[in-house]
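Q: I have a model open and would like to learn how to read its features. Where should I begin?

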Amino acid sequence: MSSTPLRLRRVLIFTSIISSLVIPTSAWADDAKALLKKMSDFLAQQKTMSFDYQSSLEAVTPDFEKLQFVSSGKATLTRPDKLRLSRTGGYADLDVSFDGSALTVHGKNLDAYAKIDGKGTLDDLIDRMMNAGIEAPGADLLSSDVYDQLITDVTEAKHISSAFVNGVECDYLAFRTPEVDWQIWIEAGPKPIPRRYVITSKHVVQAPEYTLEINDFKSGADVASVSYNIEIPTSAKKVDLSEMESIDELPAPTGTGGVQ
């Protein structure tokens with residue numbers, strides 16, 4: 001009897017199957033960018049929309065153990081300059097709002113909040129966050145021109161196949177850039193909604209991934225009314241955003257044995 005554990009043997013078999021895959025290059029390969037542009041145009045046309053989401057962020061420990069941190073929440077936005085977002089995970093319970101003049105981040109688990117003044121659109125907000133070095137994977141999908149945001153630096157685009165995400169038929173697309181590879185599953189038919197989005201940091205040890213899944217997408221009159229102003233409890237302490245270290249999806253580094 002082999003001494004290799006059963007689970008490891010299964011992984012090795014799966015890896016062998018993956019290495020022998022031949023991705024079709026003719027039937028699906030020509031329209032990946034066109035499908036992405038169709039999704040981008042559809043989202044840009046939605047003045048108001050909301051959706052539930054689940055995200056997972058992988059981290060690799062110094063001992064090369066890959067861990068996956070899962071959060072979920074709800075997003076509502078009104079173009080061009082309103083956003084309300086919640087996210088609850090193992091290390092954060094956040095309520096975020098942008099009303100066109102200020103960004104407010106309330107760490108409910110911290111009983112603290114930060115407020116940053118800055119008038120502008122959602123596109124301006126996303127640009128400011130990126131320029132400030134704030135990691136917000138998936139935020140590209142909220143911009144008014146998702147196509148231009150995502151297609152930058154793409155060196156290869158493929159339409160892999162059709163697929164089903166949570167029972168919804170989708171077009172499965174894969175894109176490559178010098179730094180990351182990313183995949184997206186777009187609902188087939190007249191409402192090209194992004195249903196699943198995966199970003200792979202291919203030059204980081206063990207290639208950790210960020211995954212975003214979108215459900216219960218609504219637009220227009222179907223979107224429930226929401227306030228774009230957060231009512232902050234009187235007990236909450238106002239702090240600088242940089243002081244709210246525990247708003248991340250990951251635990252704070254702990255030295256030996258912590259995540260990378």
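A: Begin with burial over the whole chain: buried residues make up 42% of the 260 residues. Keep in mind that this is a predicted model. The chain exposes about 14600 Å², and carbon and sulfur atoms supply 52% of that area.

Q: How many helices and strands does the chain have?

A: There are four helices and twelve strands. For contacts with a separation of 6 or more, residues 24 or more positions apart account for 52%.

Q: Which residues of helix H3 are buried?

A: In H3 (residues 122–131) the buried residues are Leu 122, Leu 125 and Ile 126. Viewed down the axis of H3, they fall within an arc of 95 degrees and so line one face of the helix. These buried residues pack against E2, strand E3 (82–88), E4 and E5.

Q: What is found at the start of H3?

A: There, a side-chain oxygen of Thr 121 comes to within 3.3 Å of the backbone nitrogen of Asp 123.

Q: Next, charged side chains. How many salt bridges does the structure hold?

A: The general idea is that side chains of opposite charge can pair when their charged atoms come close. The cut-off here is a side-chain nitrogen of Lys or Arg within 4 Å of a carboxyl oxygen of Asp or Glu. The structure holds twelve salt bridges. One of them joins the side chains of Asp 81 and Lys 82, at 3.0 Å from N to O. Lys 82 has 24% relative accessibility and counts as partly exposed.

Q: Which parts of the chain does the salt bridge between Lys 108 and Asp 93 tie together?

A: In this pair the closest N and O atoms are 3.9 Å apart. Lys 108 sits in the loop between strand E5 (102–107) and strand E6 (112–117), while Asp 93 belongs to strand E4 (residues 93–98), so the pair ties together parts 15 residues apart in sequence. Both ends are partly exposed: Lys 108 has a relative accessible area of 44%, and Asp 93 has 23%.

Q: Where do Lys 202 and Asp 181 lie?

A: Lys 202 forms a salt bridge with Asp 181, and their closest N and O atoms are 2.9 Å apart. This pair links distant parts of the chain, with Lys 202 in the loop between strand E10 (194–201) and strand E11 (209–219) and Asp 181 in strand E9 (residues 180–187), 21 residues apart. Lys 202 is partly exposed at 27% relative accessibility, whereas Asp 181, at 17%, counts as buried. Arg 176 is linked with Asp 181 and Lys 202 in a network of salt bridges.

Q: Which residues form a nonpolar patch on the surface?

A: The patch consists of Phe 64, Val 204 and Val 205, with about 270 Å² of accessible area together. Phe 64 is placed in the loop between strand E1 (48–60) and strand E2 (66–78).

Q: Is Phe 64 buried or exposed?

A: Exposed means over 50% relative accessible area. Phe 64 has 51%, so Phe 64 counts as exposed.

Conventions
Residues numbered from 1 in each chain as written. Predicted model: local features only at pLDDT ≥ 70, side-chain atom pairs only at ≥ 80, totals over all residues. Heavy atoms only, no water. Buried < 20%, exposed > 50% of the residue type's maximum accessible area, 1.4 Å probe, protein only. Helix = DSSP H or I, 4+ residues; strand = E, 2+ residues; numbered from the N terminus. Patch = residues over 30% accessible without salt bridge, like charges linked within 9 Å, V, L, I, M, F, W, Y side chains within 5 Å. Areas by Shrake-Rupley, 256 points an atom, 1.4 Å probe, with all protein chains shown as cover. Contact = heavy atoms within 4.5 Å. Arc of directions from axis to C-beta. Polar contact = N/O pair within 3.5 Å; in protein donor to acceptor, adjacent residues only side chain to side chain.
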